[in-house]
Amino acid sequence: MRVAMAASLSASPYTCSSKSILLRKFRPKIKFRRNCFRISASTSVLADGSPLLQAAKHTVDAYVKSGMVIGLGSGQASGMAIGYLGRLLRTGALKDIVGIPMSITSASEAAKAGIPLDQFNDSSQIDFSFDDADIMEEGTLIAVIGHRKPQVEDSIIQEKSILNASNQLAFMVKDSQYMGGPEGSIPVLVNSLNWMQTAEEIDDLFLGDAEVWRRPSIGHAGPLGGDFPFVTREGHNILDVIFTSPISSLAAVAESLEQIDGIVDHGVISKFPCTAVIASESGLQIVDNLQRNMV
């Protein structure tokens, strides 16, 4: 498999340094209908807490109403939102909320916060969900999830299913994660028996623009995933497709990945309607997409 070997990675095991070149090899023709975006900004001074805490509080205050079924996401901001939601329930500001957790961590945090929980199934009716995004593409609000190392019982498939089943969705991100020409990696779920062949096909698809590493369960990351590759609860391996240059279109990458046999799912999610709650030291920026792209 043509993947670059490295002794170690610097800041994150799934992040490469960017280059000035663009993703060249695969550019499927995609026609976009113009989106309608609503952009607003909060006060420029964050008087209470960190930017992510302000994003978490805004998300709950703006979108969660009594009687709702809420998808509870994973990540730092989601944890803050879960804790804040629990406080509002205890004070009586909100009532009759039911949470559907997307991970073991969010289930634990919700239980500690006193939020009643239910399990997700195909017939679940979810009014609103919030989640952290690892990357969010400016202009489309297409997001990438799944960078965080999951516990064995966690599932990217279930997380995406809950997000897609939601009537409304908000992603909370730092301003550094909201960008045009996003950079970083995309997690891809593959069948474990023929993962090597699938990795080869992904490597051929993005030849020169990405490296393909199998995620380990312990130890350092590497192309082969070490002696103990991570196995999801559904029995899949996770391949991290690490782009070495800015990604010109997350939609195009997702479409191309879905054409490869052996790929079960990936961490790219495109949901409409969707809101980005973008946290920075100067305040919050709220971006809504109000019309679906036509691919």
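This is a predicted model: local features need pLDDT of at least 70, side-chain atom pairs count only at pLDDT 80 or more; totals for chains, interfaces and linings use all residues.

**Overview**

How many helices and strands does the secondary structure of the protein chain come to? I found six helices and 15 strands, taken as DSSP runs (H or I of at least four residues for helices, E of at least two for strands) and numbered from the N terminus. Residues are numbered from 1 along each chain as its sequence is written, and side-chain values use heavy atoms, with hydrogens and water left out.

Next I checked burial: 53% of the 295 residues in the protein chain are buried (under 20% relative accessible area, with exposed over 50% and partly exposed in between; 1.4 Å probe, protein chains only). I then looked at contacts (heavy atoms within 4.5 Å). Of those in the protein chain between residues at least 6 apart in sequence, 80% join residues at least 24 apart.

**Helix α2 and its partners**

I started with α2 (residues 76-91) and α3 (residues 104-113), whose axes come within 8 Å and cross at roughly 25 degrees (lines fitted to C-alpha atoms over the stretch in contact, angles from 0 to 180 degrees between N-to-C directions). That makes α2 roughly parallel to α3 (angles under 35 degrees count as roughly parallel, over 145 as roughly antiparallel, 65 to 115 as roughly perpendicular and the rest as oblique). From α2, I listed G79, I82, G83, G86 and R90 in the contact; from α3, S106, E109, A110 and A113.

Then I turned to α1 (residues 51-63), whose axis comes within 8 Å of that of α2, crossing at roughly 50 degrees. That makes α1 oblique to α2. On the α1 side I noted L52, L53, A56, K57, V60 and D61, which meet Q76, A77, M80, A81, Y84, L85, R87 and L88 in α2.

**S155**

Where does S155 lie? I traced S155 to the loop between β6 (143-144) and α4 (156-165). Its relative accessibility is 6%, so S155 counts as buried. Leaving aside residues up to four places away in sequence, S155 touches M102, R233 and E234.

**Helix α6**

Last, I looked at α6 (residues 250-257), which is mostly covered, with seven of its eight residues buried. I wrote down L250, A251, A252, V253, A254, S256 and L257 as the buried ones.
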